[in-house]
Amino acid sequence: MIAGIALEQTAEGVLLPVRAQPRAKRNGVVGTHAGRLKVAVTAAPDKGQANAALVDVLAESLGLKRSQVTLRSGATAREKVFLLSGVSLDEVRRRLARWS
């Protein structure tokens with residue numbers, strides 16, 4: 001675990017647990033919450049808008065392409081899991097270190 005976040009390596013990539021904060025004042029990573037990366041987005045949780053915004057924020061914050069970030073579970077919940085492909089567990093840990 002890095003920064004209190006429980007990452008998991010799979011054959012497809014790294015699973016990143018996220019706590020979403022929709023309808024925030026601005027987009028960005030705001031820290032950690034209960035073993036998850038807390039990410040704020042201005043979009044409302046309506047018709048997948050917040051999920052799309054979360055993908056954008058995660059890709060930008062972690063230096064990944066949007067296509068490397070996929071929502072794996074939690075489409076209608078605040079607690080979500082994203083798959084980060086094309087990056088190693090050690091590299092994700094290094095990129096998350098700024099929020100520790």
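Glu91 and Arg95 stand four residues apart in helix α2 (residues 89–96), which means that about one helical turn separates them; helices here are DSSP runs of H or I with at least four residues, strands are E runs of at least two, and both are numbered from the N terminus. The model is a predicted one, in which local features need pLDDT of at least 70 and side-chain atom pairs count only at pLDDT 80 or more, while totals for chains, interfaces and linings use all residues. Residues are numbered from 1 along each chain as its sequence is written, and side-chain values use heavy atoms, with hydrogens and water left out.

**Salt bridges**
- The side chains of Glu91 and Arg95 meet in a salt bridge at 2.7 Å, N to O, the term meaning a side-chain nitrogen of Lys or Arg within 4 Å of a carboxyl oxygen of Asp or Glu.
- Salt bridges with shared partners join Arg19, Arg36 and Glu79 into one network.
- Within a salt bridge between Arg36 and Glu79, the closest N and O atoms are 2.5 Å apart.
- Because Arg36 lies in strand β4 (residues 36–40) and Glu79 in strand β6 (residues 79–84), this pair ties together parts that are 43 residues apart in sequence.
- A search of the whole structure finds seven salt bridges.

**Exposure of one pair**
- Arg36 is buried, with a relative accessible area of 18%, whereas Glu79 is partly exposed at 32% (buried is under 20%, exposed over 50%, partly exposed in between, with a 1.4 Å probe and protein chains only).
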